[in-house]
Structures are given as C-alpha cells and as structure tokens.
Amino acid sequence: MERVVFGSLLHLSSLINSLKPYKVAFLTNNILKELWMGEILKYKEAPVIAIPDGERYKSIESAMYIWKILREMEFTRKSLLIGVGGGVITDLAGFVSSIYMRGTYLGLVPTTLLAQIDAAIGGKTGVNFYGKNMLGTFYPANFVLIAPETLKTLPQEELLNGLGEIAKYAILDSTVYRFLQDIDDPMEALRRDIIEACVNFKLKIVREDMREEGKRRVLNLGHTVAHALEKLSNYRIKHGFAVSVGLLVAALVGEMLYGFDAGKVEAMLHRFRLPTGYPASPQEVLRELRGDKKFWYGKIVFVVPVEIGNVRVEIVGEEVIKRALEKVFK
Ligand SMILES: NC(=O)c1ccc[n+]([C@@H]2O[C@H](COP(=O)([O-])OP(=O)(O)OC[C@H]3O[C@@H](n4cnc5c(N)ncnc54)[C@H](O)[C@@H]3O)[C@@H](O)[C@H]2O)c1
C-alpha cells in the first residue's frame, strides 16, 4: 500500500531519497509546469515531461508519448516517476508507471482538492479509451505527498468540485461530518484536518479491499446517479457537482428505506454552494442508470445511507429510485 505523507513540498527530497531511485522524472501538465514546477525543482532537479491540460489527454496516446521518453532516458524499474497534478495526471502517471517494465517506482503529488482526497489515494490508475477509465490497473504509489499549499493557485470552481467528494465522506464517516457541521463558508472546508480525515477514511477502506470486491464499493455513494448525469451532460458537468446531486438522490432513497434524514444532506450541500439539481427529466436519468455498469443482472445497485457513518450497498427497486429521482429532477 502507498505511503501517504501529509506535509509540504519540503518533504519531497527525503521521500525521493528514501527510495534511492536510479533515475527520476516528473510528469505534469503545461499549467502546473508554469505554476509549480519551478518550486518543486528546487527540491529535486530532474527532467520534466509535460502534456497538455485536459481530460482528453488522459489517453493511451499520451502514455505512449511518455513511455517513449522514459525509454530514451534509459528509465528502469528502479527509477521513479512522480506525477504532479490533478486526477488526470495522477491517474496517467500511475498507469504509465505500472506498465513500463512491469512497474517502476511511483510518487504522486496531487495538486487539486479532488486528487488529494480521492484520485491519488487507493491505487486505481487509468486512461480513457472509448469510455472513461476503460484501461487501467491497480498500482499503489510508493508515496503520495499531500501538500495543501499547492491548492493556493487552484480556481474556485475546482475547489468546489473537490467539496462534492468531501460531502460524500461526510455521509460515510461521522468524524468528517462533525468537522463540517459548523462550516458555512465552503473555503473553510479546505482545512488540513478535514483533508486528512477524508484521506484516512479512504485508506482504511482500500486497505481492506483494494480491488473493489466488497467494502470499497461504499466509496461509490452518490456515484451511480453522478455517472448518469456525467453521461447525459456529455461530461460537461464537473464530477464533484454530479456527485453532489447523486448524494441527494441517495439520501432520499435512504430516507424512504431506512428513515435517513435527507434534510441534513441537502442543508450541507446548500451550505457548500453545491448543486442539488440538474436540468434533466427523471425518465432520462433512469434510462442512463439502467445502462450503468452497476446495473447488475438487471438490477440497480445503490449505496444507501442508513444514518451518518453507516451505509448499505444493495439492490434497490426501480420504483423507489424513480420516486427519489422525481423529487430532485423535474
Ligand atoms: N483513481 C481514482 O481513484 C480516481 C478517483 C476520482 C477521480 N479520478 C480521476 O481524476 C480526474 C479528475 O481529477 P481533477 O478533478 O483533479 O481534474 P484535473 O486533473 O483535470 O484538474 C482540474 C484542473 O485544475 C488544474 N490544476 C490542477 N492543480 C492545480 C493547481 N494547484 N493550481 C491551478 N490549477 C490546477 C488542472 O490543470 C486542470 O485544468 C478524472 O480523470 C477522474 O477519472 C480518479
């Protein structure tokens, strides 16, 4: 399992040195190269491979481009590739590293809130190929350095995007929920202790179930509907915003089945200025849900909140889902 270090960029040199790598290379995008690589190279001088910014560059073509450069550099299995960026870069760095010579050393420095609390943790790597993350591996990094100072340059919309996932952790984990209870300004949720609580929760789950065969599925809370909205919007809606709407639907399903207080979730999403609706009809969303990969032997599998800190992964009847969708989508 990966070693996760909560610290600052100052910790980078010692993390690199502890692996005694033969060679080191950074993988980033052109935005982060401008913003942060100058600072990072102060701690370790090494070649920087930069790809253009954007989800569409999380591709097999980018991977081939990077493998070629690594080959020319005579990179070996005992060499270290360090991904510096958001989830696009951390997913791609993990994928590239896991395949090259059957796996090199891998370090990640996530620079978005979403990547710090989610994408860079837990060893899932991937590139898009016909569909999202269609090619991928499970390959935990040797280290993940969480350096919250890198969030200083992140646009507000990206911070809110990460908050959608933080709201998910608040339903899954009562510690995170308590931390968030009296926060009114979304930016206050960027506290180090909150980020740390989210990461620790995810680590606890993935350490028990790396390959998503059981417990890890709870992390899909809100994601069944989120994926449907992402597809409906042609991936224009931000992931964290889609999760926010998905959380409300899951909460309403929980209310119908177990008396969960969905009002708590709705109030939290409002406080965080996260969306609680999307312009689609309940029928459209249901149609997408039926096509989702969690549509299992003809049934829809949902993560349903029972109370804060307690969810169940179960098959939910279409009638119940339809009623929840009708409350959120008009
Ligand atoms: N592997 C996993 O478990 C997992 C989990 C969740 C999401 N993901 C993946 O993560 C990706 C989304 O990640 P994301 O939301 O971080 O998006 P992203 O990587 O596209 O980053 C969002 C934007 O912020 C910019 N950026 C990043 N850091 C910055 C900084 N410090 N200052 C200024 N700008 C900065 C990026 O250049 C980009 O334009 C998706 O591809 C998704 O599939 C993976």
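1. The residues of the shell around the ligand divide into 9 nonpolar, 9 polar and 9 charged, where Ala, Val, Leu, Ile, Met, Phe, Trp, Tyr, Cys and Pro count as nonpolar, Asp, Glu, Lys and Arg as charged, and the others, Gly among them, as polar. In this shell 27 residues surround the ligand, and the closest are Asp 53, Glu 55, Thr 111, Thr 112 and Thr 153; a residue is near the molecule if one of its heavy atoms lies within 4 Å of it.

2. On the origin of the values, this is a predicted model, in which local features need pLDDT of at least 70 and side-chain atom pairs count only at pLDDT 80 or more, while totals for chains, interfaces and linings use all residues. Residues are numbered from 1 along each chain as its sequence is written, and side-chain values use heavy atoms, with hydrogens and water left out.

3. An oxygen atom of the ligand has a polar side-chain atom of Asp 53 at 2.8 Å, and a nitrogen atom of the ligand lies 2.8 Å from a polar backbone atom of Thr 150. In the side chain of Asn 161, an N or O atom is 3.4 Å from an oxygen atom of the ligand.

4. On its own the ligand has 870 Å² of accessible area, and the protein covers 87% of that area; accessible areas come from the Shrake-Rupley method with a 1.4 Å probe, and for residues only the protein chains shown count as cover. The elements that give two or more residues to the shell around the ligand are α2 (30–41), α4 (87–99), α5 (113–119), β7 (131–135) and α6 (156–172). Of these, α2 gives the most, with 4 residues. At least three residues of the shell come from each of domain 1 (3–153) and domain 2 (156–328), with domain bounds taken from an automatic or database domain assignment.

5. For the protein as a whole, there are 13 helices and 11 strands, where helices (H or I, at least four residues) and strands (E, at least two) are DSSP runs, numbered from the N terminus. The C-alpha trace spans about 60 × 40 × 35 Å along its principal axes. With 330 residues, a compact globule would have a radius of gyration near 20 Å, and the protein agrees with this because its value is 20 Å; the radius is taken over C-alpha atoms, and the globule rule is 2.2 Å times the number of residues to the power 0.38. Of the 330 residues, 55% count as buried, which means under 20% relative accessible area, whereas exposed means over 50% and partly exposed in between (1.4 Å probe, protein chains only).

6. Which backbone nitrogen does the side chain of Asn 128 reach? The side chain of Asn 128 reaches the backbone nitrogen of Asn 133, at 2.9 Å. Asn 128 sits in strand β6 (residues 127–129) and is buried, because its relative accessible area is 17%. Asn 133, for its part, belongs to strand β7 and is partly exposed, since its relative accessible area is 38%; although Asn 133 is not a glycine, its phi is positive, at about 55°.

7. Arg 273 likewise deserves a look at its backbone, for this residue has a positive phi of about 55° although it is not a glycine. Arg 273 lies in the loop between α11 (262–271) and α12 (282–291), and it counts as exposed because its relative accessible area is 53%.

8. In helix α2, Asn 30 is partly exposed, with a relative accessible area of 39%, and its C-alpha lies 5.7 Å from that of Ala 50, 20 residues apart in sequence. In helix α4, Ile 89 is buried, because its relative accessibility is 1%; the C-alpha atoms of Ile 89 and Leu 9, 80 residues apart along the chain, are separated by 17 Å.

9. Pro 110, in strand β5 (residues 105–110), is buried, with a relative accessible area of 0%. Lys 238, in the loop between α9 (223–232) and α10 (239–258), counts as partly exposed at 25% relative accessibility.

Key
Polar contact = N/O pair within 3.5 Å; in protein donor to acceptor, adjacent residues only side chain to side chain.
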